[in-house]
Amino acid sequence: MSAIDEIFELLEDGRWHDIKEAMAKSNLQEFKVEMIYGFLAEYAFIDFNNEQKKAKLTPTTLKFIREIRRIEKGRRS
């Protein structure tokens, strides 16, 4: 699984997660997680609180990921 996939997996609960959680999940250094968070925020995949260094999926991204998960489950059945 790629680091971005692991970060999306962490964030798919719709709650705020800080960089330390993403570091633990992805085994990446802090600056790499910050780069990924920055990219995802720039293209509106996540909301990023720069002060608290926390991120969560935007409602649109969350809806998209949940729909993909639903479709994937249907294919496995």
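Aspartate 13 is partly exposed, with a relative accessible area of 30%; the partly exposed class lies between buried (under 20%) and exposed (over 50%), for a 1.4 Å probe and protein chains only. The model is predicted: local features need pLDDT of at least 70, side-chain atom pairs count only at pLDDT 80 or more, and totals for chains, interfaces and linings use all residues. Residues are numbered from 1 along each chain as its sequence is written, and side-chain values use heavy atoms, without hydrogens and water.

**Aspartate 13**
- Aspartate 13 sits in the loop between helix 1 and strand 1 (17-18); helices (H or I, at least four residues) and strands (E, at least two) are DSSP runs numbered from the N terminus.
- A C-alpha separation of 8.3 Å is found between aspartate 13 and leucine 62, which are 49 residues apart along the chain.

**Helix 1 and helix 2**
- The axes, lines fitted to C-alpha atoms over the stretch in contact, come within 9 Å and cross at roughly 130° for helix 1 and helix 2.
- Helix 1 is therefore oblique to helix 2, since angles under 35 degrees count as roughly parallel, over 145 as roughly antiparallel, 65 to 115 as roughly perpendicular and the rest as oblique.
- Helix 1 contributes Ala3, Glu6, Ile7, Glu9 and Leu10 to the contact, and helix 2 contributes Glu21, Ala22, Lys25 and Ser26, where contact means heavy atoms within 4.5 Å.

**Leucine 11**
- Beyond its neighbours within four places in sequence, leucine 11 is in contact with His17, Tyr37, Ile46, Ala55, Lys56 and Leu57.

How values were computed. Axes fitted to C-alpha atoms, helices over the stretch in contact; angles between N-to-C directions.
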